[in-house]
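This report concerns the salt bridges of one protein structure. The sequence and the structure are shown first.

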Amino acid sequence: MNAARRDKTLLISDLHLDPTAPAIARQFLAFLDGAARDARALYILGDLFEAWLGDDDPEPAAREVVTALRRLTTAGVPCYFMHGNRDFLVGRRFAADTGCTLLADGTVVDLHGERVLLMHGDVLCTADTHYQRLRRILRNPAVNFALRHLPLGARRGLGRKLRAGSRMHVGSTAADIMDVTPAAVIDTMRRARVRTLVHGHTHRPAIHRFELNGEPARRIVLGDWYTQGSVLEWRDDGFELRALARN
Ligand code: MN
């Protein structure tokens, strides 16, 4: 690949890859072996997988994704992975197998000369106190360590329970409570000293423009891949939030 063609950075999230929805995986694999090959870098901002029970899970559909990511990084495209609420058990072995670099939630990166804060987005949904409480427990380092060291069968059972609980909660919680809280966005962007935030999680793709400390600011929300792809393309001269049609 001619390095001069690598003029864009790609950002995606919320594919929710799952063996029961093979069309999403097919589109993602085609994206990795196609458009992503021309990218300067690929950022995956969480919930790549509907569930990730651990890097030792031999589930074939997940292994296929790991292998495809490895092909991309071997082809010379750096790939960065941030945990979502569904795949927070992605770990060091995944990073080694794929060649991806793990990024902490809330990392500031330089995208073509601009300081951009990258997040999955769930910590910004502060009105959902039930979810935030659960998140604090699951992401507690000691709990996280214990989860990673449970036998795979036990993790499978726990994962099923968590997903059933999540479905019930989402079904009974008002839509605005599951969106980001404006005050949390402002506070987080101020502390990171950025005027641009990119996140996923809410499945509400949009570019929100507002003022922060009297200056123009923006929050770019990536879309999910349930019915089509969603990718943010960043170039030297600007960015575009695109939907990718599913063949
Ligand atoms: Mn999410």
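The text below describes selected salt bridges, their place in the chain and the accessibility of their residues.

The model is predicted. In total, 16 salt bridges are counted. Three of them are set out in the table.

| Salt bridge | Closest N and O atoms |
|---|---|
| Asp7 with Arg235 | 3.5 Å |
| Asp105 with Arg135 | 3.6 Å |
| Arg135 with Asp122 | 2.8 Å |

**Asp7 and Arg235.** The closest N and O atoms of Asp7 and Arg235 are 3.5 Å apart. Asp7 is partly exposed, with a relative accessibility of 32%. Arg235 is likewise partly exposed, its relative accessible area being 29%.

**Arg135 and its partners.** Arg135 forms a salt bridge with Asp105 and another with Asp122. In the pair with Asp105, distant parts of the chain are linked: Asp105 is in the loop between β4 (101–103) and β5 (107–111), while Arg135 is in helix α4 (residues 129–139), 30 residues apart. The pair with Asp122 also links distant parts of the chain, as Asp122 is in the loop between β6 (114–118) and α4, 13 residues from Arg135. Asp105 is partly exposed at 27% relative accessible area. Arg135, by contrast, has 15% relative accessibility and therefore counts as buried, the limit being under 20%. Asp122 is buried as well.

Through salt bridges that share partners, Asp7, Glu233, Arg235 and Arg242 are joined into one network.

Key
Residues are numbered from 1 along each chain as its sequence is written. This is a predicted model: local features need pLDDT of at least 70, side-chain atom pairs count only at pLDDT 80 or more; totals for chains, interfaces and linings use all residues. Side-chain values use heavy atoms; hydrogens and water are left out. A salt bridge is a side-chain nitrogen of Lys or Arg within 4 Å of a carboxyl oxygen of Asp or Glu. Buried means under 20% relative accessible area, exposed over 50%, partly exposed in between (1.4 Å probe, protein chains only). Helices (H or I, at least four residues) and strands (E, at least two) are DSSP runs, numbered from the N terminus.
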